[in-house]
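Subject: Structure handed over, with notes

Dear colleague,

I am passing on the structure below, together with what I found when I went through it. Please read the notes with the structure open beside them.

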Amino acid sequence: MKRQAGADAHTRDDVSVPKANPTRTAVSGAQKVKGALEMVAGTALAVAGVPMCILPGPGVAAIAGGIALASKGQRTFSGRKPSRIEQKLDTAVEKMSAAAKSQASRAAHAAVREAPKVAGAAARAAGRGAVAVTRGAATLTAKGVRAVRNRAIS
């Protein structure tokens, strides 16, 4: 193996091997923190998905999403460029998250529209309940007073 002075690569006959890994980029401190947080969140999501496999809930989806998030966090932390498959998965995740945000926004707007109706119905039900409790308490009080009178007379 020959080493050329001032060259960025080692040469061996006709083969040139670069020193630097072109699939990695420099990583700032903020990217490392973001990557670490993504890995922690992905791990937590995957762990939370395990009991959801038995209990009601989207267990398999939570585990898959957690693994995908942890993988993306590892790439962000290390500065590794995504492969073609990872790029396609990231694009699909972005599309699904945009759809989920849209659906959540519509559901929130619907909840805001329905909140006064629900609150009114709850207040009416609570009012009927309070009236029933008051009537019951008055009846019990009257019976108690009568029982005390009857004992005092006897």
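This is a predicted model: local features need pLDDT of at least 70, side-chain atom pairs count only at pLDDT 80 or more; totals for chains, interfaces and linings use all residues.

The largest share of the lining of the largest pocket, nine residues, is supplied by H3.

The largest pocket itself has a volume of about 440 Å³. Of the 15 residues that line it, Gly 65, Ala 68, Leu 69, Leu 89 and Val 93 are the closest to its centre. Two or more lining residues come from each of helix H2, which covers residues 59–78, and helix H3, which covers residues 84–153. Sorted by class, the lining of the largest pocket consists of seven nonpolar, five charged and three polar residues.

As for the protein as a whole, the secondary structure comes to three strands and three helices, and reading along the sequence gives the pattern β-β-β-α-α-α. Of its 154 residues, 11% count as buried, and the protein exposes about 12,000 Å², with carbon and sulfur atoms supplying 66% of that area. Among the contacts with a separation of 6 or more, 47% are between residues 24 or more positions apart.

H2 is followed by Gly 79, a residue whose phi is positive, near 80 degrees.

Which residues of H1 are buried? They are Gly 35, Glu 38, Gly 42, Ala 46 and Gly 49, and the buried residues of H1 pack against H2. In H2, the buried residues are Gly 59, Ala 62, Gly 66, Ala 70, Gly 73, Arg 75 and Ser 78, so that both lists include a charged residue, Glu 38 in H1 and Arg 75 in H2.

Once its neighbours within four places in sequence are left aside, Gly 42 is in contact with Gly 66, Ile 67, Leu 69 and Ala 70. From Gly 42 to Gly 65, which is 23 residues away in sequence, the C-alpha to C-alpha distance is 7.2 Å.

Val 40 is also found in helix H1, which runs over residues 29–52, but its relative accessible area is 56%, and because this is over the 50% cut-off, Val 40 counts as exposed. The C-alpha atoms of Val 40 and Gly 66, which are 26 residues apart along the chain, are separated by 9.3 Å.

With best regards

Conventions:
Residues are numbered from 1 along each chain as its sequence is written. Side-chain values use heavy atoms; hydrogens and water are left out. Helices (H or I, at least four residues) and strands (E, at least two) are DSSP runs, numbered from the N terminus. Buried means under 20% relative accessible area, exposed over 50%, partly exposed in between (1.4 Å probe, protein chains only). On a 1 Å grid over the protein atoms alone, a cavity is a set of points where a 1.4 Å probe fits but cannot get out, and a pocket is an open set with protein on both sides within 12 Å along at least five of seven lines; lining residues have an atom within 4 Å of a point. Grid points are joined across faces, edges and corners, and a volume is the space filled by probe spheres set on the points. Contact means heavy atoms within 4.5 Å. Accessible areas come from the Shrake-Rupley method with a 1.4 Å probe; for residues, only the protein chains shown count as cover.
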